[in-house]
Structure formats: structure tokens, C-alpha cells
Amino acid sequence: MSLKYVTPVAMFKKYLPKDYVELVDFGPFGKTQDEAGPGNMGQFKELMEEHPMCSGCWMAYYIRLIFASLPCPEETVTLGTAGCGRLAISQAAVPFIYGNYGDQNAMASGLSRAFRLRFPDKQKDVITIAGDGGTMDIGFSMTMHSWIRGERFTTIMLDNEVYGNTGGQESGMSPKGAVLKMAPGGKQFNKMPATDLAKAAGCVYIVRMSPTNIKKAAKIIRRAIFVAREVGPTFIHAYTSCNIEYSIPTEEVFADAKLREKDRFQFEEYMTDAAKEVIDRIEAEEKAAHRAKKGIVEEEVN
Amino acid sequence: MSYERPKLVKTFVDINYMLKEAPRKQHFITGAQAMAEAVKRANVDMAIAYPITPQSEVMHLVADAFHQGHVKEYYRAEEELGTMSAIAGASRAGVRLFTATSGPGLLRGLEAIVSWSGHRVPAVLGILTRVVNAPLSIQPDNIEMAYMMHCGAVMLHAENQQDTFDMTLAAFAIAEKVDVYIPVAVATEGFFVTHAKGYVNMTSDELALTPFDAIAAPVPAMDNETPPARIQRDAPVQKSNFMSYLIHAVWQQEIWDCNKRAMKYVYEYLGGPIEVQNPEADVFVVASGCAAAQAREAHRTSRELGLSVGLIKVRAIRPFPVDEIRATVKNAKALIVPEHNIIGWLAQEVKAAIPNGGIVVGGPRVYGGMTLPVELIMKEIHTALGLEFNLKL
């Protein structure tokens, strides 16, 4: 139904915005990752193309990657809150719900439960994508409690270690000592241990990373979504630098992301046994499908 | 411990049958019970709860209704902002929703609640009034309603347990009308109504309102199922240009137009936004909620004394019955407005509704949990009529 819902009747196509028709014809709806995934970004009509983010924004790149990695974009709803991220997320061709400050995980709790109520036989992917302030400061209680309740959806924190959209203030995720607005003498306390908190609160799949490797980052986004479908809350804590507030020259944004990988964003992946079971099963299925398809192609070539 | 909630087989009926035709039986129950009994019959998909006195009783009973199979989904949220946000989220999936709160809880949830109208969330919110701190108190006082009056939501104010039952049921129907589709709040006084028993004529709980129809919604659910497809490529409201200002302005106008359009359903389901007794009177007591019960008693006493006194009970606070009140009091000499709050929000509304606001007597007012003795109203009536009154409390 959902694929049908995005697909216009052929005779209406000429009346619809070109952008929309191209999305349906050349976008990732109903396609596999081989056909329209991070591996061939730039070769298909992407869900997020235009955005108002700053030049060199690492967050914009990661958001683009999230949308390219979605296992089923036609069944996905994203939620977010105030911050730079929503400026780009709201321009992706996937329903986006913007509520109030930091309430994305509370909204997603209601939304995902109501989806299961209305569509018990379908899988709707609910993903909250919010910044460090929205997830760990103003939305802290709602983030933690959604995890404690075991709500089955994915939380992605875009951590740029600062309130970028409001002009560069200290956040709970800023590193100790960082001189930022509202912290003229440098931040006085430590960066919040987000992944430890997620673990204590009962997330069943948790990753901390600096997404420098596209394939790896995409795999993790998909794992988090697959596990949330069946097991429980999943959490990705991703470094998405703010090159403006941290004064990172555009050409050094990638190098900075590599550097962070060695300190505050060392790769960490945690999964429960139940989560591992889901990941192993789905990735084996994907591999088999990929091999089968490759076999067919080779046969055809021969 | 696993418990299989029973799957109840109910007869679905429309709101007009439920409110006007379905056989009723008299029960002697509290206001909290009356609200929960209405929820039982409303075919609610999801209820989200957070405790606060004096509301808690309502959501305890709704939890029981969930356990018994009358409500499909229920959970206790982390606090009121989480509750009200979850209501906003769930509503995007196209389901019927209920929650309730009181005083400080309402204010804590207000950031989310005031955006419900703009998000076109047709949920029903019970407000079981309580003082707003400080100093700390849990007593009845309806000052919180003043904070709710400017967010676009429809607001009904119940005088007693029967009103609470009927208004809560009507609220679901009003909220979901295609030309309304904004939240409806049903308020009544904490303790005075929630914890006191009164006679309530109720329909059978084997009847339930027809299910929520997500397809009929004027603003489609974000369920990736209901056309037109909501594939948002650009959010113009986020820009700083004239178009964004215009969109926001038009959206606000539409919300208040929705609110106005709710009035015809207040007539259809509840008999109108005001109840008038003795329309030829020189002096009217104008009151809403629990104060209307005291006003009714003052009216009765006055008639016994042969005084020219009428009663206007205000059922709908939003949309406010400006035309109805103006027409009723056009020959009146004084309007007495007793209230359960210090600022007198109803008196302000009444003053603004009529061309001769000087005839409004703001008060008597009680607050902080105090009861409203009929004698206080009688004193104002006598003063307005130029008569002596020996006030004894």
C-alpha cells in the first residue's frame, strides 16, 4: 500500500511537480540498497538533495547518508526537534514530524505505538533524529524514559557538541573545557556519557561513531532500524561536527572527523543477544539475496 | 505474569444516538467516574496518563477500562510534557486519543498542548482543575483555564457529574469533525466534582462511538497510507520571508475559524453554549462549571424571594458565546459573575462580549480551594437591586 501511495497514477504524472515524479521514478522507493543505497549515492534521485546547511557541514552529509540507508523509505516516518538537523531533515522526501523542544522521543513513543495498533501486520519504521541538545539536554527525560519503557524505534543523535542553530552555546555533550557561548571560561563539567546512559536505560543496540566510513555508517543505521522493529530501542550517537562554531576549515572537516574517531568518538558497538540474532538473520538474508542476484547477472552475461 | 485483555464486542453508534436516543440508567457516581465512563463509551484507541491530584482518579479508571478491553492502548508516561507530546505523536498515526491533567500538570504540559491545535490534533483533554502553585496546594481553583483559553482548543466547562459525562462524549465528536479537527478540553472542578458523587444518567457501556476514521481527517495522518502523500521537500515556515509569515498567519486564522465552527456542534450535541433561566430578569448570575451550581441555587433562592434574577450558565468557554450572551442580557441592569479563581477570567470575557461592560459585577470570587457560599452571590444580587442584605457565613 505504501509504495502505491507514493506512486501517482500514470495519467496524473504530467500534472505533478517534476521533482516528485522523478523521486518516484528514479528515487529509492521500493528499491534495494544495491539499486539505490549509500554505495551509489549520486547515481539516483536522493531523498534529501537540497538543504540550507552551511558549506562543509558534516551533519548534512550524515543526514543524507541516513536517508540513503533507510531499509524502507516508503514506510518510514522521522521525527525531530529544533536545531540545525531539522532544517535538512524537513527537506527530505520522507514524512517528518516536528513538535516542540526536545519532545521527539515522547512523540515517537505515541506514534510507534499507534502505528502498531492501526497496522498490526505492517512494519512502520519510526526514527528520531535530533541534535545533542534536543536528545541529551532539553529532551533528556523524554529520551531516557522512551528507552526505559522499551519503546521500539530508533534514536539517532547528531552530536556536534554545541547548540549550533541558536548560535554556538555550550551543551551537555560539549567536551569539558570547550570555550563556547554561555561558557566564557570553558565548560566546567564533562561530556555526558550518552552511550552508557543508553545502555543503563535498556537500549538493545547502541553505537557511538564518527561516520567517516560510508559503508560502515550505513550498515549501522540499517542495523539500528532492523533491531528496533523487533527487539527494542536502538541508539546511534554520531559525531556530526559544527565547522562554524568550532572553526574547522571546510577542507579539514573530514580530517577532524577522523581525529575525533581516535578520542571522543571511538567506535563502540553494543548489542544484546536478541539484537544480534536479528542482525545475523537479516544480514544473512541480504547476502543471500545479493548473491542470488549476482548469480543471475553473471548467468545473463555468460 | 501475562494477562490477555478481553476483546469486547460493542455496538457502534453515532454521537447523536449516544447522547440523545440511547436508553440511559441512573447511577450515583463521582465526576472522575463520569469522565472515565464516557471514555469507556468513546471507543478510544489510546490513552496516556500521568498522575496528579485531583486528576489521577480519572486516569486510574481509564487504566481499568483499558484492562477490561474498552480502550485499546494505555501507558503511564514520564511527566506531562512527555504525555502531551506523545498524544501529539500518536495523533499523527490517525487514532482517537484521551488524556487528563490538573493545574500544575496542565502548565507543565502546556508547551505541547498549545501546539496541538496547530498540529491539528483532535484529542480530548480532561482538565480537573486545581490551584497553580505557589504556595503548594492541591485544592480546586480554576485559574489554569485562563492559560488554556488562547491556544485554539475548544473548551467546555462541566457544572456537575452529568455534564462531565455528556460533554466528554460530545468532545470526541466535536474534535473529529472535518470542519473542526482541533483538540477539545473538558474542564470541571477538582474535588468539588471529581471526588463528589452525583446522579448521572448513563448509556450502556455495550455501546461505543463509531471508530475514529483516519481517512476522513481533513489533515491526513502521517501514516504513509492516507493520500495525498505527505512528502515534504520544503518547509517554507522555517524561512524568514513574507511567505513564511503569511503561512503562519493564515494557519492561525484557520485554527480560530475551526474553533468558531465548533459552535454549531455545541448546539447540536449539548443544546447550545449557554443555558438561560428567567430571560426577562433585571439581574443575571453568569457562571460556568461548579460555580454554575451555586449560581443555580442563588437563582432559585432569589425567585423564592420574588427578585427579578436570571441565570446564565456558560457551557462553552471556547468558542465563547459572545452573541448569545449579548442577546440575552441586552435589557439587564447587572450581571453577577461568581468564579473559582482570583483573576475573574469569566467576568473579563463577559465584559468584553457586551457593549455595556459596566454592568458586570466581577465576583464574588473564591480561590485557593475555598467553597463558594450561595450567600456571597445573594449579597451581590441584593446590592445590584439596591436592597440590603445581612451577610452571615
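Start with the crossing of α4(B) and α5(B), which is right-handed (left-handed means that the near helix is turned anticlockwise from the far one by less than a right angle, right-handed that it is turned clockwise). This is a predicted model, in which local features need pLDDT of at least 70 and side-chain atom pairs count only at pLDDT 80 or more, while totals for chains, interfaces and linings use all residues. Residues are numbered from 1 along each chain as its sequence is written, with chains lettered from A and ligands numbered from 1 in the order in which they are written.

**Stop 1: α4 and α5 of chain B**

Select residues 80-91 and 103-119 of chain B: these helices pack at an angle of about 15°, with their axes 7 Å apart. Helices here are DSSP runs of H or I with at least four residues, strands are E runs of at least two, and both are numbered from the N terminus. Axes are lines fitted to C-alpha atoms, for helices over the stretch in contact, and angles run from 0 to 180 degrees between N-to-C directions.

Now show side chains. Contact means that the C-beta atoms of two residues, placed from the backbone, lie within 7 Å. By class, this contact has six nonpolar, six polar and three charged residues. Ala, Val, Leu, Ile, Met, Phe, Trp, Tyr, Cys and Pro count as nonpolar, Asp, Glu, Lys and Arg as charged, and the others, Gly among them, as polar.

**Stop 2: α2 and α3 of chain B**

Next, select residues 31-41 and 56-67 of chain B, where α2 and α3 pack at about 35° with axes 8 Å apart. Their crossing is right-handed. Look for B:M35 and B:V39 among the α2(B) residues, and for B:L61 and B:V62 among those of α3(B). This contact has eight nonpolar, one polar and two charged residues.

**Stop 3: α10 and α13 of chain B**

Move to residues 290-304 and 374-384 of chain B, whose axes come within 9 Å and cross at roughly 55°. The crossing of α10(B) and α13(B) is also right-handed. In α10(B), pick B:A295 and B:A298 among others; in α13(B), the partners include B:I377 and B:I381. The residues divide into six nonpolar, three polar and one charged.

**Stop 4: all of chain B**

Zoom out to see 13 helices and 16 strands in chain B. The C-alpha atoms fill a box of roughly 70 × 55 × 45 Å along the principal axes. Among contacts between residues at least 6 apart in sequence, 80% join residues at least 24 apart.

**Stop 5: A:P38**

Switch to chain A and center on A:P38, in the loop between α3 (33-36) and α4 (58-69). Its C-alpha lies 5.4 Å from that of A:A68, 30 residues away in sequence. Leaving out residues up to four places away in sequence, A:P38 touches A:L65, A:A68, A:S69, A:I214, A:K215 and A:A218.

**Stop 6: where A meets B**

Finally, show both chains: 34 residues of chain A are in contact with 35 residues of chain B. On the chain A side, color α1 (2-6), α2 (18-26), β2 (96-98), α6 (104-118) and α8 (140-148), the elements that give two or more residues. The largest share, 11 residues, comes from α6(A). This side has 18 nonpolar, nine polar and seven charged residues.
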